[in-house]
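Here is a short briefing for a first look. Start with the sequence and the structure below.

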Amino acid sequence: MSELTLFLVRIAYLAILWIFVLSAISVIRSDMFGARVPAPAAPGKQPRAPKPASPRRGQPTRVEVVQGVNTGIVADLAQAPVLIGRGNDAAIRLDDDYVSTRHARIVESGGQWYVEDLGSTNGTYLGSQRLTQPVPVGLGSQIRIGKTIVELRK
Amino acid sequence: MATNSALMGFVHRRRRGAELFLLVLALIVGIGAYAAVGLGVDGEVPTNLIGYGGWLTLLVVAAHIAVRIVAPYADPVLLPVVAALNGLGLAIIHRIDLAKDTGLASQQLTWMTLGVVLFVATLIVLPDHRLLARFTYTSGLTAIALLILPMIPGLGTQINGARIWISLGPFSFQPGEIAKVLLVITFAGYLVVHRDALALAGRRVVFVDLPRGRDLGPILMMWVVSLGILVLQRDLGSSLLFFGLFLVMLYVATERPGWLVVGALLFFGGAAVAFRIFSHVQSRVDIWLDPFADADGSGYQLVQALYGFAWGGLVGRGLGEGMPQRVPYVESDFILAAVGEELGLTAVMAVLLLYGLVVERALRAALISRDGFGKLVATGLAAVFALQVFVVIGGVTRLIPLTGLTTPFLSYGGSSLVANWVIIAILLRISDQARRPLPDLAADEAEDPDDQATQVVKVMPEWR
């Protein structure tokens, strides 16, 4: 193996090392600026679907308390977000000792309904799962709040 | 709130393709170094290049696929960077093997395999990093137990004056490496719950607001115990690491610069006391101040490393062309001296930059993480990484007195390698959670004044 070859190998290896470093940096750079915002689509386009869109089939239109002290209370999902809690400003006001003042809310995003826990003391459950982040819910999903169960209905 | 909604419009891409591209380059870095070592030492490409490269590729691809499946939004740069560092480290260790006629590289490859397996396992077992917050005190106790293990007679072994290894059959293991990850989790879990109390409640003494004893007590105790154990074991590097980690996390959690002042005072006080009490601290400082005073004795290691750097110069001697075996422990603490000698300042700078990128990505994950616990864990892990690199590379290049620590991913050392792969897995998990787009719920967030009044509460963990 001649001196020159070894020298070239060495230089080539250092070049590879730096190509790697620089590509890593360029990925970081594109990561900073390259993120696309999907939500507002193109600015010139007509805003999609008028706001009070007719409820599509299979979409829930109201929330109902199906079990607990306040069974029967109904709130219209058209007034989303629907706040559930013991406080006076809640759309569904529950007289349940295990419910926080502002316990959970049901919100819509992109045609999908989500239930989000608002940092309640006793938690919001979907089945046996305690919510830690907004979770999609559909028709018939039973959300347990304290000793109360609310359900999305048509 | 304005920044929040601005952030909401910013959606991270998955970037798995970019990660794959970088991984291919990282493999070229690792396997290329291996081939170059063979060319330099024997004048031919090593015969087992296919097998070795295939195994390395397999590990990297396995890690990549795992990330694709279980953490699709994770940071695209972390994995390739550590794969490249690990590959380069393997090649350098192989090079030292050839010079010293040892078989450390294959052992290191086994450890790397274990590291990648644990990396994948961590990602699978841990779907959400907030689960770790449940083990705040458990992990603290485990960490202390792990730190005590080497002091048990029969189990612990003393190597080079530091009693930090335990030997189980043919393996020796450094439990402190695992303990540092656990301590980060403990500190983060504790601080995220108590940070408001730590920052706001308490008395003002001279210039510093001291928190109440009951807020600071548990964590201070944990920290004193772990530091005390390390001092008893004469593990200077790890003591420095834990001290710095504690300080950084306290500062980040409470946002009080006063802690840095207190910490600096404590550090210099402690260093002065250690200098007076411990002879090995004195000798380390003496070597640092003038390694050439006893160039053939106590200063031999550092002097040889410095000669290595100098001889390597800007582009190095070429892999296989230098004499890195002259430096004692060149395969572990002093591996950067081998890099500097054979690949020169150019490669040393690249390696330092790669470490910088790891720290930057970890801090980035901390910045964009949505929960306080994730922020603190990512910051803590970044601090561990940064401090470790600073302490060991500063020591090897005679910037600060030498304290033994391994260079992450580069050095020979199984426990350190495995622990570092787990650290990267946790960081990937945090960045995956942070970059994953949430459903857009920001629109109706700002309207209620009650909401804004309770913002302070919202940074508290949601899982309680």
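**Strands and helices at a glance**

Five bridges link β1(A) to β11(A), residues 148-153 of chain A, and the two strands run antiparallel. Strands count as paired if DSSP finds at least two bridges between them. This is a predicted model: local features need pLDDT of at least 70, side-chain atom pairs count only at pLDDT 80 or more, and totals for chains, interfaces and linings use all residues. Residues are numbered from 1 along each chain as its sequence is written, while chains are lettered from A and ligands numbered from 1 in the order in which they are written.

**Chain A: pairing**
- A:R62 faces A:D76 in β2(A).
- β1(A) and β2(A) make a hairpin with six residues between them, and A:G68 in the turn has a positive phi of about 120°.

**Chain A: overall**
- Chain A has one helix and eleven strands. Helices (H or I, at least four residues) and strands (E, at least two) are DSSP runs, numbered from the N terminus.
- Of the 154 residues in chain A, 29% are buried. Buried means that 20 or more other C-beta atoms, placed from the backbone, lie within 10 Å of the residue's own.

**Chain B: helix α2**
- In α2(B), 19 of the 27 residues are buried, so the helix is largely enclosed by the rest of the structure.
- B:G43 follows α2(B) and has a positive phi, near 80°.

Methods. A residue is buried if 20 or more other C-beta atoms lie within 10 Å of its own, exposed if 12 or fewer, and partly exposed in between; C-beta atoms are placed from the backbone.
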